[in-house]
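Here is a short tour of one model, written to be read with the structure open beside you.

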Amino acid sequence: MISIQAKKHDNFSVEFKFGFNCTEDGVRDDFSVNAWIFVPNSVGVNPENYGKNQFYRDVKSNVRLITPAYLLRDIAKDSSLPLQSLRKALEKLLDSPQPKDFDAYEYHLKMFAAIFKSALRDHAAHLRATKSLDTAGYLVDDYVNSSKMVLSRFRELYRIIDVPTVSDKTRSYFRLCDEFMSHVLELQTVRIIRKIDSSPRADTLKQIRGRFLSLIMEEQQYKKTREYGTLSDDEEHNRQLVYHRGMLKKFIESELYIRLDKKRDGVAVEQLYYSIAAGIAMIFATAVAWFTQVRYGNITWPLFIVLVVSYMMKDRIKDLMRYYFAHKLGNKYYDKKATITIGKQRVGELKEGFDFISAEKAPVEVIKLRDAAASVEDESLIFEEKIMLYRKHLTIDDVALAANADYPMRGINEIMRLHLTRFTQKMDNPEVPIDVVDDQGNIGSVQVDKIYCINIVFQFQHDSDVEYHHFRITMTRDGVLRIDEI
């Protein structure tokens, strides 16, 4: 199964989060993602000025393990796997402080914080989506009580390593995770309160709002006692605090991220095809020289002219054959490939490729999806759009993945950001004046956004399952306005 979430990341980039969920049947999972990107001609992006190198510079991908799924109330149990694993790692570190024991302590510490963050986020999202929050008090109880219990049980574990034989650096790791979890709880709870405040029934939810607010105030007071960073009136302090929290997030999730060493794909086959192209060209030139020499003798003007022409044709034939083989190669191979590893164990492989294609080479289903969303204003009804095809193939070994993780792993997430700065270079002014006449007959002018629409159709393939998703990016020269699923 492949899932996707899309959002605007900043003014000039959009983010796609792909979830590659394994079937857990002990068989290798193969995932394919094909993305057809329809770009208006007026944007001026074409194969002559936007090649593979430019595209890969505009794409940033992070691959990480999917955070193990737990309910918030399950983590709060003293017998929960995350809590028990962390307790054992702490006790082992205290008994025999070896490098491997420190690594295990750091791993379980970060995993506990990451699992808590994921469970809290999911529960908070479920609360915000609940239509009748006042009749779902058990969800509120579960959120408030379970959050407190998780943090309480976690913070009790600090006593195990709060001893002179454990270094300050080791203890500081625990405090960093504690600060991160406190910040995450405050962040998610604030989002719930904002949802309550925007509700038309906000007056009837004051008591529930008060419970969430009390939870935040308790955490803020705790932060002060632990000297964790909080917002203040000092701009420089707040700037450093935001930076610090960003580093905290990277620190906690570092155990989930997978580093990829990408290399070119199909290099050996490519060189073989190019050698064949050179051989075919040489056969042509040699055959022409041999035939001409037999016909005209050794050194004659016709032989001289034919040899020059055959040499010229040899180079052209070699280039044409190289182009032909490169085209054939591109259909079967990818531009880049990378091995996915956990530690030193290989658990999968990732390949990706990019090309401009014509509309005739796009599947009928893709063109239908694109045309179904067309309107009179769309350029696609007047001028052809340029179509870019981005291909991705991911292979995951379920057995190897499960064998190299202490927690149940569901698969891999890839967060891909597509930066669109280059797409804005030939766009018109972000706003254009439009003349209007009011009811009194006065003529005026209003400024209206000059928008461009970039359509992306995704095709997901997992085993025999195929599904499509269509997204539209609306932007101006000042950047991305929004991204919508059609």
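## Asp142 and its partners

The side chains of Asp142 and Arg73 are joined by a polar contact of 3.0 Å (a pair of N or O atoms within 3.5 Å; within protein, one must be able to donate a hydrogen and the other to accept it, and residues adjacent in sequence count only if both atoms are side-chain atoms). This is a predicted model, where local features need pLDDT of at least 70, side-chain atom pairs count only at pLDDT 80 or more, and totals for chains, interfaces and linings use all residues. Residues are numbered from 1 along each chain as its sequence is written, and side-chain values use heavy atoms, leaving out hydrogens and water.

Asp142 is found in helix 5 (helices are DSSP runs of H or I, at least four residues, numbered from the N terminus). Is Asp142 buried or exposed? With a relative accessible area of 16%, Asp142 is buried (under 20%, with exposed being over 50% and partly exposed in between, using a 1.4 Å probe and protein chains only). Leaving aside neighbours within four places in sequence, Asp142 is in contact with Leu72, Arg73, His123 and Ser147 (contact means heavy atoms within 4.5 Å).

## Helix 3

Helix 3 covers residues 81-95. Its buried residues, among them Pro82, Leu86 and Leu93, pack against helix 4, helix 5, helix 6 and helix 7.

Methods: Helices (H or I, at least four residues) and strands (E, at least two) are DSSP runs, numbered from the N terminus. The expected span of a helix is 1.5 Å times one less than its number of residues.
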